[in-house]
Amino acid sequence: MAYDLEEQEQIDALKAWWNRFGNLLTWLLIAVLAAYSGWTAWNYYQRTQSIQASQLYEELQRAVMLKDQAKIQRAVADMQSKFGKTTYAQMSALTAAKAAFDAHDLKLAKTQLQWVIDFGLDDEYKAVAKIRLAGVLLDEKAYDAGLKLLGDPKNYPVQFAGAVEDRRGDILLAQNKTAEARLAYQAALQRMDQKNPGHQLIQLKLDALGGEVVTVVEKSAQTK
């Protein structure tokens with residue numbers, strides 16, 4: 001078919017544009033398609049990982065109910081090696097640590113809690129692991145190690161600050177540092193929501209210590 005002059009000029013202009021930019025446009029299109037394909041594949045991988053991890057977590061829960069320590073440890077080991085970047089891995093380690101603690105295997109409980117501290121992705125799970133590990137160290141009478149592990153409550157998510165101070169109070173009390181323990185329990189009450197079930201327990205601990213109550217603010221003022 002013959003083209004008129006205007007059509008021919010448009011075709012020539014298109015050819016010239018394609019010769020100049022066509023290769024670049026093709027590579028850009030390939031890059032976009034590759035990125036989209038990669039994004040789709042990653043989402044599919046994430047969904048698959050989550051589903052498989054949840055199934056393994058259910059197996060772990062059943063093993064816990066049966067108090068089958070061997071199956072618990074196999075399940076948590078598989079979880080950490082195959083799905084270590086998922087939330088289920090952190091949950092599994094905490095669950096396995098609790099099962100080991102209940103079975104009086106403090107060494108294994110410490111190992112699982114330390115895994116969460118070292119490899120956990122969420123600050124909330126790490127906070128729980130540190131508080132629980134400090135409790136295990138308290139049982140082992142490793143008081144200094146427990147206090148060092150807890151560190152500064154300001155470094156924790158705000159909802160855990162009270163629990164950190166409570167655990168600190170337990171360790172200080174075990175060291176017969178009654179005055180310091182009292183201050184820690186007071187700080188715990190101040191940093192914990194009154195609706196929190198632990199609030200009343202901390203108040204009972206504080207009441208049991210008796211003596212004059214000195215607020216954290218007053219204590220700070222005395223040291224200045």
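Trainee: Hi! Which residues of α5 are buried?

Mentor: Hi! In this predicted model, the buried residues of α5 are Ala127, Val128, Ala129, Ile131, Leu133, Ala134, Gly135, Val136, Leu137 and Leu138.

Trainee: And what do those buried residues pack against?

Mentor: They pack against four helices: α3 (87-102), α4 (106-119), α6 (143-150) and α7 (161-174).

Trainee: Okay, back up a bit. How many residues does α5 have, and how far does it reach?

Mentor: Helix α5 covers residues 123-139, so to speak its 17 residues, and reaches 24 Å from its first C-alpha to its last. That is close to the 24 Å expected at 1.5 Å a residue.

Trainee: What follows α5?

Mentor: Look for Lys141 after the helix. The phi of Lys141 is positive, near 65 degrees.

Trainee: Let's go back to α7. At what angle do α5 and α7 pack?

Mentor: The angle is about 10 degrees, and the axes of α5 and α7 are 10 Å apart.

Trainee: So are they roughly parallel or roughly antiparallel?

Mentor: Angles under 35 degrees count as roughly parallel, and therefore α5 and α7 are roughly parallel to each other.

Trainee: Which residues make that contact?

Mentor: From α5 you have Ile131, Arg132, Ala134, Gly135 and Leu138. From α7 come Ala163, Val164, Arg167, Asp170, Ile171 and Ala174.

Trainee: How many of those are nonpolar, polar or charged?

Mentor: By class, the contact of α5 with α7 has seven nonpolar residues, one polar residue and three charged residues.

Trainee: New topic: Asp166. Where is it found?

Mentor: Asp166 sits in helix α7.

Trainee: Does Asp166 count as buried or exposed, and why?

Mentor: Asp166 counts as buried, because its relative accessibility is 15% and the cut-off for buried is under 20%.

Trainee: Which side chain does Asp166 join in a polar contact?

Mentor: That would be Lys205: a polar contact of 2.9 Å joins the side chains of Asp166 and Lys205.

Trainee: What else does Asp166 touch?

Mentor: Leaving aside residues up to four places away in sequence, Asp166 touches Tyr185, Ala188 and Ile202 as well as Lys205.

Trainee: Last bit, the whole chain. How many helices and strands are there?

Mentor: The protein chain has ten helices and zero strands.

Trainee: And what share of the residues is buried?

Mentor: Of the 224 residues in the protein chain, 34% are buried.

Trainee: What about contacts between residues at least 24 apart?

Mentor: Take the contacts in the protein chain between residues at least 6 apart in sequence: 52% of them join residues at least 24 apart.

Methods. Residues are numbered from 1 along each chain as its sequence is written. This is a predicted model: local features need pLDDT of at least 70, side-chain atom pairs count only at pLDDT 80 or more; totals for chains, interfaces and linings use all residues. Side-chain values use heavy atoms; hydrogens and water are left out. Helices (H or I, at least four residues) and strands (E, at least two) are DSSP runs, numbered from the N terminus. The expected span of a helix is 1.5 Å times one less than its number of residues. Buried means under 20% relative accessible area, exposed over 50%, partly exposed in between (1.4 Å probe, protein chains only). Contact means heavy atoms within 4.5 Å. Axes are lines fitted to C-alpha atoms, for helices over the stretch in contact, and angles run from 0 to 180 degrees between N-to-C directions. Angles under 35 degrees count as roughly parallel, over 145 as roughly antiparallel, 65 to 115 as roughly perpendicular and the rest as oblique. Ala, Val, Leu, Ile, Met, Phe, Trp, Tyr, Cys and Pro count as nonpolar, Asp, Glu, Lys and Arg as charged, and the others, Gly among them, as polar. A polar contact is a pair of N or O atoms within 3.5 Å; within protein, one must be able to donate a hydrogen and the other to accept it, and residues adjacent in sequence count only if both atoms are side-chain atoms.
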